[in-house]
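Subject: Structure for you to look at

Hello,

Please find the structure below, followed by notes on what was found in it. Keep it open while you read.

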Amino acid sequence: MSKDLLIKRFYPKENLSTQDWIKPTESIDWASVPPSLRELSSKYFHSKLERKELIKTFEEKRNYILNLPDNWDGYGAQPFNEGTLNRAYSLIENILSHFWFIIGISIPLIQPVADSSIDINWETDKFELLINISSESNKQVNLYGEKLNSPEEEIEMSIPYDLVETVIIQWLKKIL
Amino acid sequence: MAEEDPLTWETEPSENFLDEHFLYRGINKNIWKTWENLEKIYPNFFMKRRAVDGLSCDWSKYATPQATLNHLNSDLTEYGIAELNVGEFRNEINEGNFPLTIHHDPTRIATILLPINRAHTLIKGFKQKNTATIRCKISKIAKWAVNMRPIIEG
């Protein structure tokens, strides 16, 4: 974990004075960050602006997807249930919160799928990652990811929802 | 020339799908509106409500992209028509060791959802556990058929 990472933005830590702000564009050695700091809950590092952006984006998608009528794809697709969207949002928020502080990861596309599942889709210049959240909460999450031009870094699995966050965070830390 | 009776149409074997053929599928506005742009096809195009029964598409031996659009009783403001080259599709299936197979399934009697259609074909082999990888890979070889990219209104 001695990878140099770049802090791209100027984020205030909540409830601290401006002297505690992290300086922008400062290159840090990830290994030099104490484990206790690495593992701190992301809520201390969330940029309010970016969290607001995520909530706004998600609310737009949520309204759009929940309002899709019967046969919305022209091939018999059925409407969505709110629980599927809530599980998708929770997962996105938890994943993003681990990375915004350090690398400024983008908000993924949130897309409806005709079997009433939701695709969480990142397509960046470094990696592609598709996480499919089933409409049935007891079904496993199916995911596929690849680091561009590095086929050995492929990830492909079906796992319980509760494990997805940890698996994805580990994979992203490895490839980014 | 007298029209052929649909009830006489044969179901053709998969080897009749040649590498130079195409499979066409309509993509509804409710799907493509969620895409960042229309330059590429995104993975959520390649699924249906009960995909385990097979994903419907039209075979270019008996259809054109326009015929596929006509079967949907719609126009390019509602649907775009995506095409998959059969040869590239088979390569992806082989490389990824995907359990997908192509089955000719002519619709000889019209139903509420499907009109009479000699080109109707099913892609089978989807399971809940394999769709993310398959859809990612297949979306990369899918293209809009010529002049069949959807039209954004307004």
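Why is β5(A) largely enclosed by the rest of the structure? 5 of its 7 residues are buried, so the rest of the structure largely encloses the strand. A residue counts as buried if 20 or more other C-beta atoms, placed from the backbone, lie within 10 Å of its own; with 12 or fewer it is exposed, and in between it is partly exposed.

Some background before the rest. This is a predicted model, in which local features need pLDDT of at least 70 and side-chain atom pairs count only at pLDDT 80 or more, while totals for chains, interfaces and linings use all residues. Residues are numbered from 1 along each chain as its sequence is written, and chains are lettered from A and ligands numbered from 1 in the order in which they are written. The scores are ipTM 0.91 and pTM 0.82. For chain B the mean pLDDT (the predictor's confidence in each residue, from 0 to 100) is 92, and 97% of its residues reach 70 or more.

The sheet. Chain A has an open sheet of 5 strands in the order β3-β4-β5-β6-β7, with antiparallel pairing. Here β3 and β7 of chain A are at the edges with a single partner strand each, so one side of each has no neighbour in the sheet. Strands are DSSP runs of E, at least two residues, and helices are runs of H or I, at least four, numbered from the N terminus; two strands pair if DSSP finds at least two bridges between them.

Around β5(A). β4(A) and β5(A) form a hairpin with 3 residues between them, and 6 bridges join these antiparallel strands. In this pair E123(A) is opposite E128(A). Another 6 bridges join β5(A) to β6(A), again antiparallel. Across that pair, L129(A) has G145(A) as its bridge partner, and L130(A) has Y144(A).

Where the chains meet. 26 residues of chain A are in contact with 24 residues of chain B, contact meaning that the C-beta atoms, placed from the backbone, lie within 7 Å. On chain A, the strands β3 (109-112), β4 (118-123), β5 (127-133), β6 (141-147) and β7 (150-159) each supply at least two residues of the side that touches chain B.

In chain B, helix α4 (residues 131-141) has 8 of its 11 residues buried, so the rest of the structure largely encloses this helix. Its buried residues include I134(B), R135(B) and C136(B). Their cover includes β5, β6 and β7 of chain A, together with β3 (79-85) and α3 (86-96) of chain B.

Regards

Terms used. Contact = placed C-beta atoms within 7 Å.
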